[in-house]
Amino acid sequence: MTPARPRTQGPHFFCDPTDIDGSSAILRGDEARHLTAVLRARTGDPVSLADGRGVMYQARVRAPGREAVLDVLSHFEQPPPEPKLTVVHALPKARKLDEVVRRLTELGVDAIIPVHSQRSQVRLDGDRAAKAVSRWRGVGLAAAKQSRRSRLPQIRDIGEWHTVLASEPGALILWEHATQGIVSALQARHETGGDVTLAIGPEGGLAADEVAGLPCASLGATILRTETASIAAAAIALAHLGRIG
């Protein structure tokens, strides 16, 4: 099990490492507006900071404003979680992936890779893809602040199912027709160690050639919605890896 980590006090923000020195920090842009205009912070209020690279800071407000100045009181470093968990997720309809990104970030997933698959009912290219990825990264940032993460999730650009899985050797495909359960599959992988990648198909499921020759696992007898399957699988994997629970 991961040992209990020290806790910071106050609302949690991410700050560019270049805006933090030994005794002070500056929040800019949306983060400063959130602290000053939304939360109406006052001088002396406690604030939790993270630099996105694993260092957490306990701070307090020195001067709220468009560029909010904070006094840094203490800091500590959180080592990167191991093993790393990546989720490859075929694009679902509408904005379902927004909620998936939010929940996976809260759970502690390290990387999320959206992909096009054969049965995806939506395809995003060009500007639409860029806008969607930007939105997902914003969702991930908000969820990381809410869950007080020290590192932001890596949300990659949209890829293609076969190409991404070729770059993620040993990825475990969540497939309703698999004969092995996810717990057994994870236990078998435990002997080899290393990072874990889970891959989830879209609403219409995965085509036969998308799972051919790849390790597959089932989440049980019931058929879950794609957005439910990813969250359930990630929670099981994180518990198995000793990162939650």
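Biologist: What makes the contact between the side chains of Asp30 and Arg33 a salt bridge?

Modeller: This is a predicted model, so every value is computed from it. The N to O distance between Asp30 and Arg33 is 2.2 Å. The cut-off is within 4 Å, between a side-chain nitrogen of Lys or Arg and a carboxyl oxygen of Asp or Glu. The 2.2 Å pair therefore meets the rule.

Biologist: Where do Asp30 and Arg33 sit in helix α1?

Modeller: They are three residues apart in α1, residues 29-38. That spacing separates them by about one helical turn.

Biologist: Why is Asp30 called exposed?

Modeller: Asp30 has a relative accessible area of 56%. Exposed means over 50%, so Asp30 qualifies.

Biologist: What makes Arg33 partly exposed?

Modeller: Arg33 has 48% relative accessibility.

Biologist: What makes Arg156 and Glu168 a salt bridge?

Modeller: The closest N and O atoms of Arg156 and Glu168 are 3.5 Å apart. That falls within 4 Å, so the salt bridge stands. Arg156 lies in the loop between β8 (154-155) and β9 (159-160). Glu168 lies in the loop between α4 (161-166) and β10 (172-174). The pair therefore ties together parts that are twelve residues apart in sequence.

Biologist: Why does Glu168 count as buried?

Modeller: Glu168 has 13% relative accessibility. Buried means under 20%, so Glu168 passes.

Biologist: Which residues do salt bridges that share partners join into one network?

Modeller: Glu99, Arg102, Arg103 and Glu106. By the salt-bridge rule, the model's count comes to 15.

Biologist: How is the packing of helix α2 and helix α3 described, by what angle and with axes how far apart?

Modeller: Two packed helices are described by the angle between their axes and the distance between the axes. For α2 (residues 96-107) and α3 (residues 126-146), the angle is about 35 degrees and the axes are 8 Å apart. The crossing of α2 past α3 is right-handed.

Biologist: Which residues in α2 and α3 meet?

Modeller: From α2 come Leu97, Asp98, Val101, Arg102, Thr105 and Glu106. They meet Arg135, Trp136, Val139, Gly140, Ala143, Ala144 and Gln146 in α3. By kind, the residues of this contact divide into six nonpolar, three polar and four charged.

Biologist: What is the reach of α3, and what is expected?

Modeller: α3 has 21 residues and reaches 31 Å from its first C-alpha to its last. At 1.5 Å a residue, 30 Å is expected, and the computed reach is close to that. After α3 comes Arg148, with a positive phi near 60 degrees.

Biologist: Which residues of α3 are buried?

Modeller: Ala129, Ala132, Val133, Trp136, Val139, Gly140, Ala143, Ala144 and Lys145. Their cover includes β1 (12-14), α1, α2, β7 (111-116) and β8.

Biologist: Why is Leu141 called partly exposed?

Modeller: Leu141, in helix α3, has a relative accessible area of 28%. Buried would need under 20% and exposed over 50%, so Leu141 is partly exposed. Leaving out residues up to four places away in sequence, Leu141 touches Phe14 and Leu152. Leu141 and Pro153 are twelve residues apart along the chain, with their C-alpha atoms separated by 7.9 Å.

Biologist: What makes Leu35 buried?

Modeller: Leu35, in helix α1, has a relative accessible area of 1%. The cut-off is under 20%, so Leu35 is buried. Leaving out residues up to four places away in sequence, Leu35 touches Phe13, Leu27, Arg40, Ala41, Val47, Val61, Ala68 and Leu70. Leu35 and His12 are 23 residues apart in sequence and 9.5 Å apart in space, C-alpha to C-alpha.

Biologist: How do you know that Thr86 counts as buried?

Modeller: Thr86, in strand β6 (residues 85-90), has 4% relative accessibility. With the limit at under 20%, Thr86 is therefore buried. Leaving out residues up to four places away in sequence, Thr86 touches Ala111, Ile113, Val196, Thr197 and Leu198.

Note on methods:
Residues numbered from 1 in each chain as written. Predicted model: local features only at pLDDT ≥ 70, side-chain atom pairs only at ≥ 80, totals over all residues. Heavy atoms only, no water. Helix = DSSP H or I, 4+ residues; strand = E, 2+ residues; numbered from the N terminus. Buried < 20%, exposed > 50% of the residue type's maximum accessible area, 1.4 Å probe, protein only. Axes fitted to C-alpha atoms, helices over the stretch in contact; angles between N-to-C directions. Left-handed = near helix turned anticlockwise from the far one by under 90°. Contact = heavy atoms within 4.5 Å. Nonpolar A, V, L, I, M, F, W, Y, C, P; charged D, E, K, R; others polar. Expected span 1.5 Å × (residues − 1).
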